[in-house]
Amino acid sequence: LKNLSEGKIFATLVTSAYPSAGEKIPAKSNGLSISVRYMSEDGKTLEPSEIVQGTEFLSIVSVTNTSGNTDCYNVALSEKIPSGWEIFNDRLLGTASDESAPWTYRDIRDDRVNWFFDLGKGATKTFRIKLQAAYEGEFNLPAIKCEAMYDRDFSANTASGTAKVIRK
């Protein structure tokens, strides 16, 4: 980096990496807390380490602002799903209703859902997606990440793990 002007310049180096196969990411929290539950359609708790192939279920993620007296703006929540699961995109099914949604914007991809929202002091918001255990096998269960896009004082993630889809 070479400064060709007389003014000061500031540089920031940002790096990122994916964990190697088998490496687990621990849960952490900084100004936000995050939790996830997996529930069958009849309300029973499911363990991602053993879901029967063909099962339709919900992922329910809750994010809470634990910072005390500070509102948190421009929050991004990203839930990547294991390769053996599929997302039901309610927009494509014609069942979407964003009228009372807790998000400002939602982006549904093949392998993840991203939500963008603000979170007041002490507030909790809950996000749901419908999933299906589609392909038999053992898969990486990625950590679910949440952070304020422009304030590094707010971030949290769940621990990563293993998801297993078993045959009936």
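Visitor: At what relative accessibility does Asp-107 count as buried?

Guide: The model is predicted: local features need pLDDT of at least 70, side-chain atom pairs count only at pLDDT 80 or more, and totals for chains, interfaces and linings use all residues. Residues are numbered from 1 along each chain as its sequence is written, and side-chain values use heavy atoms, with hydrogens and water left out. Buried means under 20% relative accessible area, exposed over 50%, and partly exposed in between (1.4 Å probe, protein chains only). Asp-107 counts as buried because its relative accessibility is 15%.

Visitor: Which residue forms a salt bridge with Asp-107?

Guide: A salt bridge is a side-chain nitrogen of Lys or Arg within 4 Å of a carboxyl oxygen of Asp or Glu. The structure as a whole has seven of them. For Asp-107, the closest N and O atoms are 2.9 Å apart, and the partner is Arg-109.

Visitor: How many residues apart are Glu-138 and Lys-164, which are linked by a salt bridge?

Guide: The two side chains meet at 3.6 Å, N to O. Glu-138 is exposed at 55% relative accessible area, whereas Lys-164 is partly exposed at 31%. Strands here are DSSP runs of E with at least two residues, and helices are runs of H or I with at least four, numbered from the N terminus. Glu-138 lies in strand S10 and Lys-164 in strand S13, so the bridge links distant parts of the chain, and their separation is 26 residues.

Visitor: In the open sheet of three strands, what is the strand order, and which strands stand at the edges?

Guide: Two strands pair if DSSP finds at least two bridges between them. The sheet has mixed pairing and the order S3-S13-S10. One side of each edge strand is left without a neighbour in the sheet because each has a single partner strand; these edge strands are S3 (51-52) and S10 (137-141).

Visitor: Which residue in S13 stands opposite Val-52?

Guide: S3 and S13 (residues 161-166) run parallel and are joined by two bridges. Opposite Val-52 stands Ile-166.

Visitor: What is the angle between the planes of Phe-57 and Trp-85?

Guide: Rings of Phe, Tyr and Trp (its six-membered ring) pair if their centres lie within 6.5 Å; planes under 30 degrees apart count as stacked, over 60 as edge-to-face and the rest as tilted. The structure holds six such pairs. Phe-57 and Trp-85 are 5.0 Å apart, centre to centre, in an edge-to-face pair with an angle of 85 degrees.

Visitor: At what angle do the planes of Trp-115 and Phe-127 lie?

Guide: Both residues are buried. The ring centres of Trp-115 and Phe-127 are 5.3 Å apart, and the pair is tilted because the planes lie at 45 degrees.

Visitor: Over the ring of which residue does the charged end of Lys-130 sit?

Guide: A charge sits over a ring if NZ of Lys or CZ of Arg is within 6 Å of the ring centre and within 35 degrees of the ring normal. Lys-130 is also linked with Glu-41 and Glu-56 in a network of salt bridges. The charged end of Lys-130 is 4.8 Å from the centre of the ring of Phe-88.
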